[in-house]
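Visitor: I would like to learn how to read side-chain contacts and strand pairing in a model. Could you take me through them step by step?

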Amino acid sequence: MKRVLHILLLTVILTAIAPHRAQAEFLSLDTIASWGKFPRFCIRTYRWGDRFFNSYDSTYVVGTGKRFNIKLRTESWTDFYNFNFDEEPRTRMMMMSDPTTSAGFWLTYMAVSVGYDMNVGKYFGGGESRRKWSFQFNCSLFAADAYFSSNNVGSTIMRIGPRGNTHSADIDFSGINNESWGVDLYYFFNHRHYSQAAAFAFSKIQLKSSGSFYAGLSFWGLNYDFDFNSLPEEVKIQLPLSEYNYFYRTKSNNYALRLGYGYNWVFRKGWTLAISESPIIGVRRGWLLNLDEERTSLSFYNRLKASIVYNNGKWFTGAVLRMENALFYDKTHTMLGSMISFEASVGYRFNIW
């Protein structure tokens, strides 16, 4: 068992730090392989894994040719909530969270990145920062995503009123405490010709237009908590939530099948315009409104993202738009919760050895 763990550990280390063509003697794969049977086995395992999991048709996708890159990244995101109540007075209410903007520098070596983002929105009236992090891993065969976000810094009610007769509003709302997290794993069917990493991670270069269907599994959790008791009385009476003490709460775990399609359009040398759409349908287990009654229902989620990338030698720049939607419903209401984010990056690729 210890030997197996040693093999796995060394393979992971080599995958993270070993270049395809090491120029420095101390990082040469052939040199490491000459150290003995065990290092040679690990190098062979690494090379097999690299060919199997990360091979592309070079007519369509190529590597960047550089092991390092440094980039300046800025990101802004906000949440949007749309409530539709079926009970009288059949109120519709729309609210948007205060936006958060961060910026920072990131240094990447192959698949490993380190960096720091600071909240810059608060210096321009954007309020305190919300928590948000994500992790993405891409190879030619599959991708894995993990993410977490929370929002407890307040929102603004923008429209409210009877359905079909809503009116504009500008009502501050601070009674919000929401969290979401999840893990996705999905496989690309046309993995020889299509690279998601080229469009959304800047780690490959798409040379020729191509697309791919993909499919996989998603597991995520949602915990939404809205306390409407702080609203003015004339606003509260429009919400049919008196039996729930003017709380709207949902907490659930979701298990789903993720289906999608992505397409990278190389419309000019160095330029790639990409779009990826993925509906997610599964089973939801948890609570909605009444926290004393756990229920099982169908779960509906959708992820849409688009990007534009420009590669010019060692320099690259890109912008990524993401939109995620979750639907909550029962016989009395529906609520659509959305997260919208925009990321812009400019960076430089280089080698040290």
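**Contacts and strands**

Guide: Arg322 is buried, at a relative accessible area of 19%. Keep in mind that the model is predicted.

Visitor: Why does Arg322 count as buried?

Guide: Buried means under 20% relative accessible area, and Arg322 has 19%. Glu343 also counts as buried, since its relative accessibility is 7%.

Visitor: With which residue does Arg322 form a salt bridge?

Guide: The partner of Arg322 is Glu343, with 3.3 Å between the closest N and O atoms. This pair links distant parts of the chain: Arg322 belongs to strand β16 (residues 315-330) and Glu343 to strand β17 (residues 333-350), 21 residues apart.

Visitor: How many salt bridges does the structure hold?

Guide: There are nine salt bridges. One of them joins Arg163 and Asp86, whose closest N and O atoms are 3.0 Å apart. Here distant parts of the chain are linked, 77 residues apart: Arg163 is in the loop between β8 (155-162) and β9 (167-173), and Asp86 is in the loop between β2 (68-85) and β3 (91-97).

Visitor: Which residue meets Asp225 in a salt bridge?

Guide: Arg249 does, at 3.6 Å from N to O. The two lie 24 residues apart and link distant parts of the chain, with Asp225 in strand β12 (residues 210-227) and Arg249 in strand β13 (residues 247-268). Asp225 is partly exposed at 22% relative accessibility, and Arg249 is partly exposed with a relative accessible area of 27%.

Visitor: Let us turn to strands. In what sense do β3 and β8 pair?

Guide: β3 and β8 pair in the antiparallel sense, over seven bridges. Within this pairing, Met96 has Thr156 of β8 as its bridge partner. β8 also pairs with β9, again antiparallel, over five bridges. There, Thr156 stands opposite Asp172 of β9.

Visitor: What do β8 and β9 form?

Guide: They form a hairpin with four residues between the strands. Gly164, in the turn, has a positive phi of about 85 degrees.

Visitor: Next, the aromatic rings. By what is a pair of them described?

Guide: The description uses the distance of the centres and the angle of the planes. The structure holds 29 aromatic pairs. Tyr187 and Phe189 have ring centres 5.4 Å apart and planes at 85 degrees, so this pair is edge-to-face. Tyr187 is partly exposed at 36% relative accessibility, while Phe189 is exposed, with a relative accessible area of 53%. Phe188 and Tyr194 form a tilted pair, 5.7 Å centre to centre with 55 degrees between the planes. Both Phe188 and Tyr194 are buried.

Visitor: Which residues do ring pairs link into a cluster?

Guide: The cluster consists of Tyr81, Phe83, Phe85, Phe173, Tyr224, Phe226, Phe228, Tyr248 and Phe328.

Visitor: A charge may also sit over a ring. Over the face of which residue does Arg258 lie?

Guide: Arg258 lies over the face of Tyr186, at 4.4 Å from the ring centre. Lys305 lies over the face of Phe200, where the distance to the ring centre is 4.6 Å.

Note on methods: Residues are numbered from 1 along each chain as its sequence is written. This is a predicted model: local features need pLDDT of at least 70, side-chain atom pairs count only at pLDDT 80 or more; totals for chains, interfaces and linings use all residues. Side-chain values use heavy atoms; hydrogens and water are left out. A salt bridge is a side-chain nitrogen of Lys or Arg within 4 Å of a carboxyl oxygen of Asp or Glu. Buried means under 20% relative accessible area, exposed over 50%, partly exposed in between (1.4 Å probe, protein chains only). Two strands pair if DSSP finds at least two bridges between them. Rings of Phe, Tyr and Trp (its six-membered ring) pair if their centres lie within 6.5 Å; planes under 30 degrees apart count as stacked, over 60 as edge-to-face and the rest as tilted. A charge sits over a ring if NZ of Lys or CZ of Arg is within 6 Å of the ring centre and within 35 degrees of the ring normal.
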